[in-house]
Amino acid sequence: HVMTDQHHVTSANQPAAELGTLTRACVHIDAAARQLETAAGGDAFSPLLVPAGQLALIRGGIDPTIRAAADPNDHLEFIAHVDHALTLLDNVPASEGPPDLLVWTLRLRDLRDELHAAWAQQP
């Protein structure tokens, strides 16, 4: 297990072999949060900032050092990023993640369910 520099910025499209599963999950979570912030368009009262903040909190809880690079070639919807993150988190060996990884994974799953429900109600 190789330690990496603190605050490394990675792209969701970076070759998977270069990144650990946990790192890739965090990149997807951060990318989803960034997309919601962008969609809010600077509106401080946008309801999109609530899940964006929750995503940032979850990502910080898992690993505060990992951020996603802004990726102009990112064509995934934010919800797809969340789904990818959950799939990756389900495959992280308990020995690799923080001791409370399961708590963060469950929180992310709850948030995803809320987002899916809210998205379904969009006109």
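**Reading helix 4 and its surroundings**

Tutor: Let us begin with helix 4 (residues 101-120), whose 20 residues reach 28 Å from first C-alpha to last, close to the 28 Å expected at 1.5 Å a residue. The expected span is 1.5 Å times one less than the number of residues in the helix. Helices (H or I, at least four residues) and strands (E, at least two) are DSSP runs, numbered from the N terminus. This is a predicted model, in which local features need pLDDT of at least 70 and side-chain atom pairs count only at pLDDT 80 or more, while totals for chains, interfaces and linings use all residues. Residues are numbered from 1 along each chain as its sequence is written, and side-chain values use heavy atoms, with hydrogens and water left out.

Student: Which residues of helix 4 are buried?

Tutor: Buried means under 20% relative accessible area, exposed over 50%, and partly exposed in between (1.4 Å probe, protein chains only). In helix 4, Leu101, Trp104, Thr105, Leu108, Leu111 and Leu115 are buried. Because they cover an arc of only 125° around the axis, they lie on the same side of helix 4; the arc is that of the directions from the helix axis to the C-beta atoms. The general idea is that an α-helix has 3.6 residues a turn, so residues three or four places apart point the same way. The face turned away from the buried side of helix 4 carries the exposed residues Leu102, Val103 and Ala120.

Student: Against which helices do the buried residues of helix 4 pack?

Tutor: Contact means heavy atoms within 4.5 Å. The buried residues of helix 4 pack against helix 1 (21-40), helix 2 (49-62) and helix 3 (78-90). Those of helix 3, in turn, pack against helix 1, helix 2 and helix 4.

Student: Which residues touch the most other members of the largest nonpolar core?

Tutor: In soluble globular proteins, nonpolar side chains tend to be buried together. A nonpolar core is a set of buried Ala, Val, Leu, Ile, Met, Phe, Trp, Tyr and Cys residues joined through side-chain atoms within 4.5 Å. Here the largest core has 28 residues, and Ile29, Leu55, Ile58, Ile62, Leu89 and Leu108 touch the most other members. Each of helix 1, helix 2, helix 3 and helix 4 supplies at least two residues of this core, and helix 1 gives the largest share, nine residues. Leaving aside residues up to four places away in sequence, isoleucine 62 touches Leu22, Cys26, Ile29, Leu89, Pro98, Leu101 and Trp104.

Student: What polar contact does the side chain of histidine 81 make?

Tutor: A polar contact is a pair of N or O atoms within 3.5 Å; within protein, one must be able to donate a hydrogen and the other to accept it, and residues adjacent in sequence count only if both atoms are side-chain atoms. Histidine 81 lies in helix 3 and is buried, with a relative accessible area of 0%. Its side chain makes a polar contact with the side chain of aspartate 74 (2.7 Å).

Student: Is arginine 67 buried, partly exposed or exposed?

Tutor: Arginine 67, in strand 2 (residues 67-68), is partly exposed at 39% relative accessibility. The side chain of arginine 67 makes a polar contact with the side chain of aspartate 30 (3.1 Å).

Student: What pattern does the protein follow along the sequence?

Tutor: The protein has four helices and two strands, in the pattern β-α-α-β-α-α. Buried residues make up 38% of its 123 residues.
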